[in-house]
Structure formats: structure tokens, C-alpha cells
Amino acid sequence: MPTPKNIKLFPGNANPALADEICRSLNLEPAHVRLERFPDGEIHCKVLDDARGSDAFIIQPTCPPVNDTIMELLILIDCLRRASAERITCIIPYFGYARQDRKDEGRVPITAKLIANMISAAGADRILTMDLHAAQIQGFFDIPVDHLYAAPVFEKHYQRLNIPDLTVLAADVGSSKRAGLVSKYLNAPLAIVDKRRYSPQETEAFHIIGSVEGRNVLIPDDMISTGGTIVTAVEAARRHGAKDIYVCATHPVLAGPAVERLNSLHVKEIAVTDTIPVGGKPLENLKVLSVAEMLAEAIRRIHVAESISQMFSREE
Ligand code: R5P
């Protein structure tokens with residue numbers, strides 16, 4: 001990829017490996033940023049390269065430790081604004097706090113909106129993100145948001161695997177739209193788990209709409225947090241006679257008991273992307289697919305004002 005001029009990439013501490021890959025794809029050295037802690041835990045940031053007049057891209061998924069990565073992002077934005085960057089784009093491949101996106105009971109916050117407000121107030125000019133928990137979160141920002149989909153990366157992977165007798169199983173009704181697209185592109189039938197959630201940790205499956213009997217099954221989701229949703233879906237698929245089970249999710253949040261829960265399932269493969277670092281988490285049959293090239297291409301397009309949606313256009 002030819003190197004665009006006057007573009008500077010500023011990685012935070014959330015996902016250095018992804019930031020390195022993006023820089024490699026763009027043939028760019030990351031800008032030098034010093035991010036340290038004061039003795040009381042406050043974050044101190046100093047950008048060591050000249051940022052004046054630059055088209056600045058901060059790379060920082062707001063993944064766990066979510067409160068720290070968000071704060072670091074805000075401080076980086078403020079730092080670059082005061083360093084006279086011409087434009088500040090935040091690359092947030094995983095957008096934390098996205099699940100609280102509406103007031104569905106009394107006396108609860110809408111944190112997705114709060115975080116969007118904070119990012120805008122800090123001085124961001126635009127956002128690039130991927131597989132938001134709900135696409136309408138884009139509307140929480142009054143600055144442009146480019147929303148990418150990891151689907152083409154997964155699609156290529158499953159086309160290579162060429163799994164016979166495949167059925168795509170949506171883990172719940174909420175994810176049926178996403179799973180429907182996967183089923184369309186893999187040319188596989190769709191089934192849906194009728195799941196009920198009792199608490200953030202507790203879910204139960206009643207029925208499967210459609211059939212998985214004697215089929216290999218792929219369960220796609222936007223994220224795996226505690227793993228509860230996937231456990232419920234895998235168990236339901238097995239009860240209904242599925243053969244091999246594959247799981248894929250864009251964002252491996254892998255919180256709390258997730259690794260232990262997923263390992264107890266012994267599925268054929270769990271494919272995730274590198275929006276969030278999996279680190280040394282000992283997850284069985286894990287396949288990490290990189291979205292770095294896609295993010296790099298989107299950064300290039302934003303810099304030269306080319307269409308992002310064309311990256312996803314298909315010959316029908
Ligand atoms: C649900 O709405 C989401 O798409 C995910 O299924 C959910 O957030 C995953 O969370 P957990 O792994 O804790 O069940």
C-alpha cells in the first residue's frame with residue numbers, strides 16, 4: 001500500500017500488536033507517544049513527535065481494562081488537539097460500554113451515549129469502528145462515524161474451511177440479522193436459538209427455530225463476553241442433534257469465566273478477530289483472524305477522502 005503523506009498514527013496502550021500491524025500495512029512508523037502513570041494512578045501523556053497540522057489517527061479499542069482504555073483515549077485526543085493536529089480520527093475497533101444503549105428500565109444510564117459525548121467533547125473529529133453492538137450507536141455521535149464489518153474476514157476463513165452440511169445458528173433473536181447475512185454469504189441455511197436473558201451472566205435457551213439435526217453448525221456473534229450466550233447456544237445445538245460446532249465472534253472480550261466456560265464446550269473452533277488482544281488466555285481451538293489490513297485500508301481511504309462503503313460493495 002503506498003504511504004499517504006502527513007498522516008500520523010498514534011497507538012494507545014490497549015492493543016499494541018494490532019496498532020503495529022496497521023502501521024506495517026500502511027508502511028508507516030507509529031508516532032512516538034509517552035503514556036505513563038503518575039504515582040496516584042492518573043495517566044500522563046506526551047506526544048514526542050511533531051503533530052502540528054497532521055492528519056492524526058489514534059488507535060485505541062476501548063477494551064478491558066475498559067475504564068483505563070477509555071480514559072487513555074480521551075487524554076490522547078486532548079493531547080493531540082492541544083498539539084494542533086489538523087484532524088483527529090479515533091480508530092476504536094471495539095467500542096466498550098456499547099451494550100447499555102437504551103433506557104430499557106427506570107433509573108439506568110445510557111452509557112454508549114455518554115462515552116460518545118465524552119469522545120466528542122475531548123475533541124475527536126471522526127470515528128472509525130467495527131461491528132458495533134448496535135449500528136444505531138453511530139447516531140450517538142454528531143461527528144462522522146465509519147462503521148466497518150469483520151464479515152469479509154470471517155467469510156474468507158469459512159470459504160477456505162469449506163465445512164460441509166453447514167447451518168448458521170443465531171445465538172439469539174437479536175443476532176439473527178447478523179447471522180442471516182453470514183448464512184447468505186456462506187450459502188447455508190439459518191436457524192435461531194430462542195434465548196432468554198435473566199441477568200448479564202444468566203441465559204437460557206428454550207427452542208431452536210429451524211433445524212440443526214445432523215448438521216455442522218456455525219454460531220456467529222458480535223462479541224463473547226462471559227461466554228454465557230455461546231454456552232447456551234452450543235448446548236441447545238447439541239441437544240437438537242448438531243454435529244461439529246464452530247463459533248465466531250468479532251470481539252473476544254473474554255471476561256470473567258469465559259475461557260473456562262468455552263473450554264468446557266470442546267467445540268471444533270472458536271474464531272475471533274484481533275480487535276481485542278487475547279493475550280495468553282488459554283482458549284482451546286482458538287483461531288485469531290486479523291482485521292489490521294481492513295482497518296489500514298479504511299484509514300488510507302479516510303485520509304484521501306475515498307469511499308469506505310465501497311470496501312464492502314459486492315457484485316450481487
Ligand atoms: C448480546 O446481545 C450480544 O450480541 C452478545 O451475545 C453478548 O453480549 C455476549 O455476552 P456473553 O458472552 O456474556 O453472553
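The C-alpha centres of domain 1 and domain 2 lie 28 Å apart, in what is a predicted model. Let's work through two exercises on it.

**Exercise 1.** Work out which residue ranges make up the two domains, and how much area is buried between them.

*Solution.* 
- Start with the bounds: the domain assignment gives 7-149 + 293-312 for domain 1 and 151-289 for domain 2.
- Next, count who touches whom, taking contact as heavy atoms within 4.5 Å. On that basis, 16 residues of domain 1 meet 14 residues of domain 2.
- Now the area: about 1300 Å² is buried between the two domains, and carbon and sulfur atoms give 61% of that.
- Finally, look at domain 1's share. Tyr 94, Arg 99 and Asp 131 supply 38% of the area that domain 1 buries against domain 2, more than any other three residues.

**Exercise 2.** Find out which residues surround the ligand, and which polar atoms lie 2.6 Å from a ligand oxygen.

*Solution.* 
- List the shell: Arg 99, His 133, Arg 197, and then Asp 221, Asp 222, Met 223, Ile 224, Ser 225, Thr 226, Gly 227, Gly 228 and Thr 229.
- Sort it by class, and you get four charged, six polar and two nonpolar residues.
- Then check distances. A polar side-chain atom of Asp 222 sits 2.6 Å from a ligand oxygen, and a side-chain N or O atom of Thr 226 is also 2.6 Å from a ligand oxygen. For Gly 228, a polar backbone atom is 3.5 Å from an oxygen of the ligand.

How values were computed: Residues numbered from 1 in each chain as written. Predicted model: local features only at pLDDT ≥ 70, side-chain atom pairs only at ≥ 80, totals over all residues. Heavy atoms only, no water. Near = heavy atom within 4 Å. Polar contact = N/O pair within 3.5 Å; in protein donor to acceptor, adjacent residues only side chain to side chain. Nonpolar A, V, L, I, M, F, W, Y, C, P; charged D, E, K, R; others polar. Domains from an automatic or database assignment. Buried area = accessible area lost by both parts, 1.4 Å probe.
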